[in-house]
Amino acid sequence: MKRVDVVVVGGGIHGVGVAQAVAGAGHSVLLLEKKKLAAGTSSRSSKLIHGGLRYLESGQFHLVRESLRERRILLSIAPELVELKPFFLPLYRTTRRQPWQLRLGLSIYALLGGLGPESRFASVPKSEWDSLDGLQTRGLRTVLRYFDAQTDDLALTRAVMRSAEYLGAERASPAELFAAEVRADSVIAQYTHDGAPQECEAQVLVNAAGPWVKRVMDRITPRIESPSIELVQGSHILVRDTVRQGIYYVESPRDGRAIFVMPWRSNMLVGTTETRFRGDPDGVQPLAAEKHYLVNVLRHYFPRHAQLTVGDLLDSFAGVRVLPAGRGHAFHRSRETLLICDRDDHPRVLGIYGGKLTGYRATAEQVVQRISGSLPTRKPRGDTRTLRLTPD
Ligand SMILES: Cc1cc2nc3c(=O)[nH]c(=O)nc-3n(C[C@H](O)[C@H](O)[C@H](O)COP(=O)(O)OP(=O)(O)OC[C@H]3O[C@@H](n4cnc5c(N)ncnc54)[C@H](O)[C@@H]3O)c2cc1C
């Protein structure tokens with residue numbers, strides 16, 4: 001039977017991030033991915049490496065500070081994959097958030113981001129509004145410009161996996177974990193690799209299966225208590241045409257939710273929605289209502305798309321997030337990542353619940369800290385804060 005220090009289930013951004021951090025700490029690691037790298041949420045995100053300006057509204061200062069620190073690290077270690085971009089916040093007479101509220105929010109954002117050059121923000125002079133990609137100017141009071149970053153989530157996931165492999169991590173895919181048994185001092189993982197059943201003994205199993213996290217937990221014996229979670233799907237539409245100046249951060253005229261209009265390759269991406277999801281995340285698809293909602297946002301803010309219909313879309317895709325179960329709208333729910341272990345001392349199983357693309361490296365660092373007591377002492381091989389990430 002194969003033996004490794006850590007077996008990681010899931011080849012999304014969290015799984016590859018953990019594989020890289022574990023290998024960097026000098027441990028042997030095997031990553032199992034049932035489809036392809038980033039086949040789940042990690043290729044269907046909004047592709048932003050950001051602090052999350054809107055999380056200030058729900059008081060998630062710790063998350064915003066950590067995300068802005070991670071943005072700084074990623075800009076330095078992955079300059080070909082993570083690019084700082086101007087973000088435009090147009091404020092109309094009808095916008096629910098007031099200019100002073102957004103200025104205050106951007107000042108706090110700058111403060112939490114360490115007041116570096118990427119923290120600067122300003123109003124766009126009225127004389128320059130015509131250069132803003134045809135943005136609706138009727139009723140426009142102010143446009144604020146600040147900076148955040150954009151990435152290619154699939155390429156980033158691949159780059160982190162390559163770095164992990166360089167440090168000695170192994171990957172099996174397609175490889176699906178179908179059962180695991182926790183013993184006194186190890187875990188036996190049972191999986192299929194290219195259709196053939198395999199077994200592996202590890203000191204720790206890390207469940208990084210994203211929206212499948214609970215399904216994977218349910219395959220582990222003895223049973224591990226899972227936190228109560230909700231799955232929420234988010235959709236994006238891809239529109240022929242582009243925006244050249246940067247990313248537009250607009251408020252849905254229907255319900256005030258924040259929506260991004262972003263350049264994507266030579267086209268334009270608009271998203272995201274938040275719709276409760278039930279069922280198997282393998283089958284997630286954008287709903288007709290979500291596509292209509294996003295088309296309406298674009299028509300409202302970019303008059304040249306006033307005639308756009310769902311039939312004109314180039315493409316659309318949906319991803320599923322894991323949020324703590326709770327009352328009220330998903331939009332206001334905590335985005336902090338939960339790390340759940342089977343036991344406090346020397347855990348054999350750790351599950352990652354929720355999280356953000358932006359924070360994957362910090363999460364992976366925390367995972368290594370939580371499981372290090374269960375692992376043998378090894379000589380570190382690399383630090384994820386400085387290991388360079390490059391595209392294919
Ligand atoms: C619509 C949307 C937009 C978002 N936008 C942003 C953003 O702009 N910026 C940001 O920072 N964050 C964003 N997020 C959050 C971020 O995308 C996710 O937190 C992140 O991608 C989750 O990664 P993951 O590795 O946990 O899960 P996933 O990427 O879903 O990976 C889980 C993997 O596990 C595999 N798997 C499942 N079961 C098994 C099994 N039994 N055996 C083996 N493999 C298995 C799956 O095939 C999958 O590849 C967004 C999320 C959504 C839904």
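Predicted model: local features only at pLDDT ≥ 70, side-chain atom pairs only at ≥ 80, totals over all residues.
**View 1. Helices H1 and H4 pack side by side in contact.** Helix H1 covers residues 13-24 and helix H4 residues 153-166; their axes come within 8 Å and cross at roughly 25 degrees. H1 and H4 are therefore roughly parallel to each other, and their crossing is left-handed. On the H1 side, look for Ile13, Val16, Gly17, Ala19, Gln20 and Ala23, which meet Leu156, Thr157, Val160, Met161, Ser163 and Ala164 of H4. Sorted by class, this contact has eight nonpolar residues, four polar ones and no charged ones.

**View 2. The ligand is surrounded by 39 residues.** The closest are Glu33, Ser42, Leu48, Gly355 and Thr358. A polar backbone atom of Ser46 is 2.9 Å from a ligand nitrogen. Ligand oxygen atoms take part too: one is 3.1 Å from a polar backbone atom of Leu357, and one is 3.2 Å from a polar backbone atom of Ile13. Ile13 is also among the H1 residues that meet H4.

**View 3. Two cis peptide bonds are worth a look, one joining Thr221 and Pro222 and one from Gly271 to Thr272.** Most peptide bonds are trans. Omega is about -10 degrees between Thr221 and Pro222, and Pro222 lies in the loop between strands S11 (220-221) and S12 (229-239). For Gly271 to Thr272, omega is near 15 degrees; Thr272 sits in the loop between strands S15 (267-271) and S16 (275-277).

**View 4. Asp194 has a positive phi.** Its value is about 50 degrees, although Asp194 is not a glycine. Asp194 lies in the loop linking strand S9 (187-193) and strand S10 (196-207).

Conventions
Residues numbered from 1 in each chain as written. Heavy atoms only, no water. Axes fitted to C-alpha atoms, helices over the stretch in contact; angles between N-to-C directions. Helix = DSSP H or I, 4+ residues; strand = E, 2+ residues; numbered from the N terminus. Parallel < 35°, antiparallel > 145°, perpendicular 65-115°, else oblique. Left-handed = near helix turned anticlockwise from the far one by under 90°. Contact = heavy atoms within 4.5 Å. Nonpolar A, V, L, I, M, F, W, Y, C, P; charged D, E, K, R; others polar. Near = heavy atom within 4 Å. Polar contact = N/O pair within 3.5 Å; in protein donor to acceptor, adjacent residues only side chain to side chain.
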